Structures are given as C-alpha cells and as structure tokens.
Amino acid sequence: MKFLLALPLFGLLHFSPSAQAQTAPTTAKAPGTTTVQFKTSAVCDMCKSRIEKSLAYEKGVQSAVLDVPTQIVTVTYKADKTSPEALRTAVQKIGYDADKLTADARAYNRLPDCCKKTNAVH
Ligand SMILES: [Cu+2]
C-alpha cells in the first residue's frame, strides 16, 4: 500500500460511499445475525487489534475483523442486541473515526503516535 504514502492528507480517505455493505457474505449466518461494514481511521496492526478487541466486548457482537489496507471493519452482530450506530459509537469512543463520526478527542489523544490518523496506513 505504498501509494497511500503519497496522499497529502489521510483525511481524504474518510468519506467513501462504501460504508454500508451491499453484498451479503456467502458464508451461512446464524439466524438473527447481521453484518455491517464501516470505515475507520485505523492505520496499523495495533489499531486493528484495538478496534477488534473493543468491538468483541460490545454487547451482541459475534465477530469483528478489520482490514488495515482498506481501514474497513466488518462486524457480525445480533440485530436484536445492538445496532450499526452503537458499533460506530464504540469505535469512536476508543479514538477512531467510524464513517462520518469523528474520533472521540480524548481517546484519540491517548493513542500511540503511530496510530494517529495523520499517518498513512502502515
Ligand atoms: Cu495503530
């Protein structure tokens, strides 16, 4: 993903219309289980594990997988236990953008320097 280093501002990547996954996963899902994808400001593997871990602790979440190069997190959850809004808020609270929600400032300031969104994906 070296070409990303050439982008002057990481923020340019944030507003992609691909936030809502239109394609259903081909794998069989448990009844009542839904998948949502949204864009985060994760830049490295530390961000990945931080986001995946905190989403895993969220009520109703069955799995959370973040793809660092695209910054998109895929969350499988029980629709009667949580919502995409709650999941985005959870990501926001630990210091990352979630689609159009901006990262919580205090949480963001506590992130290690390498995880700041001024960095390119690395
Ligand atoms: Cu990081």
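V121 lies in the segment that follows α3 (105–110). The model is a predicted one. V121 counts as partly exposed because 19 other C-beta atoms lie within 10 Å, whereas a buried residue needs 20 or more.

The chain as a whole was examined next. Three helices and three strands are present. Along the sequence, these elements follow the pattern β-α-β-β-α-α. The chain has 122 residues, and 25% of them count as buried. Contacts between residues at least 6 apart in sequence were also considered. Of these contacts, 58% join residues at least 24 apart.

Attention then turned to the interior. In soluble globular proteins, nonpolar side chains tend to be buried together. Here the largest nonpolar core contains 20 residues. Within this core, I51, L55, V75, V91 and Y96 touch the most other members.

Neighbours within four places in sequence were set aside. V75 is then in contact with T35, V36, L55, V61, A64 and L87. One of these partners, L55, is also among the core residues that touch the most other members.

Conventions. Residues are numbered from 1 along each chain as its sequence is written. This is a predicted model: local features need pLDDT of at least 70, side-chain atom pairs count only at pLDDT 80 or more; totals for chains, interfaces and linings use all residues. A nonpolar core is a set of buried Ala, Val, Leu, Ile, Met, Phe, Trp, Tyr and Cys residues joined through C-beta atoms within 7 Å. A residue is buried if 20 or more other C-beta atoms lie within 10 Å of its own, exposed if 12 or fewer, and partly exposed in between; C-beta atoms are placed from the backbone. Two residues are in contact if their C-beta atoms, placed from the backbone, lie within 7 Å. Helices (H or I, at least four residues) and strands (E, at least two) are DSSP runs, numbered from the N terminus.
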